[in-house]
Protein chains: 2
Amino acid sequence: MKELRVGMLGFGTVARGVASLLRQNGRVIAERCGIELRLTRISTRNPNKTAAMNLDGIAVDADVDALVEDPTIDCVVELIGGLDPAERLVTTALNRGKHVVTANKALIAERGMALFSVAHSNNKDLCFEASVAGAVPIVKAIRESLAANRIESIHGVLNGTCNYILTEMRERKLSFAQTLAEAQEKGYAEADPSFDIDGIDTAHKLAILAAIAWSMPPDFGGIHIEGIRHITDSDIAWANEMGYRIKLLAIAKHRPEGLELRVQPTLVPLGTMVSQVEGVFNAIFVRGDHAGITMYHGRGAGEHPTASAVVADLMDLGRNLRAGLSSTRVPPLSVANDHLHPIPIHGMDHLECEYYLRLAILDRPGVLAEITAILARHGISIDAIHQKGGATLSEAVSLVIVTHQCREMDLQTSLAVLEGLETVRGKPVVIRMESGLN
Amino acid sequence: MKELRVGMLGFGTVARGVASLLRQNGRVIAERCGIELRLTRISTRNPNKTAAMNLDGIAVDADVDALVEDPTIDCVVELIGGLDPAERLVTTALNRGKHVVTANKALIAERGMALFSVAHSNNKDLCFEASVAGAVPIVKAIRESLAANRIESIHGVLNGTCNYILTEMRERKLSFAQTLAEAQEKGYAEADPSFDIDGIDTAHKLAILAAIAWSMPPDFGGIHIEGIRHITDSDIAWANEMGYRIKLLAIAKHRPEGLELRVQPTLVPLGTMVSQVEGVFNAIFVRGDHAGITMYHGRGAGEHPTASAVVADLMDLGRNLRAGLSSTRVPPLSVANDHLHPIPIHGMDHLECEYYLRLAILDRPGVLAEITAILARHGISIDAIHQKGGATLSEAVSLVIVTHQCREMDLQTSLAVLEGLETVRGKPVVIRMESGLN
């Protein structure tokens, strides 16, 4: 039986998952591929970490640069993460005629174009199913299964850490800081959690999915990004009371005027499927002009689910090898690299949607009249307004306003005016709403 | 640019969808494939049906036998349905060196093995993504994206007609007969609805998915099949009251003792994702040993969604052609045909689950004691029991019993005894419950 010789860079959580998956399911994998996937070498900064695992027959060392030059290796699995040295190593591996499989979303979202071009000139594949949504096969679904469709929109929950935090805050009525601290203790959030909770990780993934869906170079810089740091337990409770959940959503909508690309906390109505995505799960909704909306749901991270996606890519390469493929079969972003075209971004100013606003106000006579007059003057009409009583006159109380659809620009202008009022304390909380989602 | 010349058999709903999709999205499809998919010929029993559509440049005739012999055609799309003449035509097309794409679940479930063998000996592909769950790419997901996993279970809603009927019965409190008649009027159910409502269609699809998941010849005959004819609005109302939905589920579980394969109405707890699959939608849940549960949801039928899946298969073939593939890349059932092995079926007698029972009883002194004693004698313990009062002594009333987990064999034996009681009228309604699903 032929074999595909695999070298792995890194030995963190996912890499351990890959090594154990190849060992556990090696026989069925070989039967399904028609060739054997053989992990022959692991290079990691700290080779001692591998001691706990049975890696018989696998060379282990600290020389990542030597691994990508190793002429006995057919395919490099990059699981180091980050841009440096991953970018350099992946480039070298491709230039040395090796396929590369990666779970590195930052690398694909920020350096993808250069790397795809290197892959193409070497007639090698750079595979990245594992970079978005763990075990959920969303890259292949958009690139292959929905390939006959013009994609109209994509939205979803792409970061398990944020979704876990928001779910816990709601279920246990905890503050953001408390929940984050717990998530860090349990290993669901990093020591430096900013990539996750500030929406960067979600934006990397959105850049990748949009690039495949609309045949464009990944446009990480074009994404409007808001994280969840400013979401309070009180916003979550208000949302709940009004029949909504708060989710950190990645949203891409293809409009005649351009592409809307945003990552933001969003109020979604209870009863929609996206509102039911809980804890560490991910879900992606893709609307195609013929398929309608299809949805994909599963574990978005973790040792075994992500390993499942990495090895699926390896098996694709194995099946190509076995079938005697003479060139790359599916371009990474759906069309040939030289057919990719940037798409103009539909700026946030022109966005129209409904908004949830929470203002800390001093409960004095006339304050409501003043606030609603300012909103009206900017063309913003109010769908619902709530104020909880009980405070003394000198204490700020929460005023929650849900607007009808209005323009982001008008909303931001009116907020600037509101912030200037003596009766409005601190910065108003603004969360966009999406009622048209599924 | 190279082209893949496509001939289409049939011109029903899905075929119209394929023709219009290829026309509408031809340019992006060609860009994504790197080759053009050109529909050159349609053969259908009634060519007049095509008059309503602009089919410029496409030959239309009634000679289905000539189409599969046509040497100018590279790939045949079979959308006639049923076994005869589809089986003969597909066989001939493969023997004439053409690839075949089909949406025909009966053909694959009941004649798949013979056809895959013909395809293999001609080194051609027989593709069938569209045969299960319309636009939802579940065939590719199991065969490629989850290929590194040992699959533990599959369950799902695979028939939109049944799910539509059950949803309408619940929401509008209508009888089965009324809802079916309405569904037929709206075109959601066939004039002869038995394939759908008796569970045959669902079983065809389950046979296909199980075959891919467990590398076995499709085992349609091994599936225990129950439809939804016997479900009453009163069962739906009872289920609702107790916190359940009734769904027609396809269930496959891989156990050490063998494979459980069943199609059955099922009580699923509210709040689970499967309970939220409504109307004509389909959803499939697959549990892999590494991926965990992933879920796929979308439109399971209809002109455009099914066409999306048919053309995705054509594009796979187009991408193979463009890449210069010298042989079949992915075996239809995941492993080479000669590696497929039948799996022993875990018989229904040995099943253990919870049950919903509804008996029409005469409300006389001692009747409850008698019934519960019979159940106890067979080792069946009761989780909940409900009886609605109000009837006269001579009228039958509904007694609803929810059991703890027990053996199917014991349940059936006790039911036979219960049916013999003078106080039990008619046949008890039995619906299995699944609380461990997601």
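Q: How many bridges join strand β8 of chain B to β10(B), and which residue is the bridge partner of His224(B) in β10(B)?
A: In this predicted model, strand β8 (residues 224–225) of chain B runs parallel to β10(B). The two strands are joined by two bridges. In one pairing, His224(B) has as its bridge partner in β10(B) the residue Arg262(B).

Q: Which residue of β10(B) stands opposite Leu249(B)?
A: Strand β9 (residues 244–255) of chain B runs antiparallel to β10(B), with 12 bridges between them. β9(B) and β10(B) form a hairpin with two residues between them. Within β10(B), the residue opposite Leu249(B) is Gln264(B).

Q: What is the bridge partner of Thr266(B) in β17(B)?
A: β10(B) also pairs with strand β17 (residues 424–433) of chain B, in the parallel sense and over two bridges. In β17(B), Thr266(B) has as its bridge partner Arg432(B).

Q: How many of the 12 residues of strand β10 of chain B are buried?
A: A residue counts as buried if 20 or more other C-beta atoms lie within 10 Å of its own. Strand β10 (residues 258–269) of chain B is largely enclosed by the rest of the structure, because the number of its 12 residues that are buried is 10.

Q: Which strands stand at the edges of the open sheet of six strands in chain B?
A: The order of the sheet is β3-β2-β1-β4-β5-β6 (chain B), with parallel pairing. An edge strand here has a single partner, so one side of it is left without a neighbour in the sheet. The strands in that position in chain B are β3 (59–61) and β6 (126–127).

Q: What is the bridge partner of Arg41(B) in β3(B)?
A: Strand β2 (residues 36–43) of chain B and β3(B) run parallel and are joined by three bridges. In β3(B), Arg41(B) has as its bridge partner Ala59(B).

Q: Which element gives the largest share of the side of chain B that touches chain A?
A: In the contact between the chains, 54 residues of chain B meet 54 residues of chain A. The elements of chain B that give two or more residues to this side are α2 (26–33), α6 (138–145), β12 (292–299) and α12 (303–322). The residues of this side divide into 25 nonpolar, 20 polar and nine charged. The largest share, 10 residues, comes from α12(B).

Q: Which residue of β12(B) does Tyr296(A) stand opposite?
A: Strand β12 (residues 292–299) of chain A pairs with β12(B) in the antiparallel sense, over three bridges. In β12(B), the residue opposite Tyr296(A) is Tyr296(B).

Notes
Residues numbered from 1 in each chain as written. Chains lettered and ligands numbered in written order. Predicted model: local features only at pLDDT ≥ 70, side-chain atom pairs only at ≥ 80, totals over all residues. Pairing = 2+ DSSP bridges. Helix = DSSP H or I, 4+ residues; strand = E, 2+ residues; numbered from the N terminus. Contact = placed C-beta atoms within 7 Å. Nonpolar A, V, L, I, M, F, W, Y, C, P; charged D, E, K, R; others polar.
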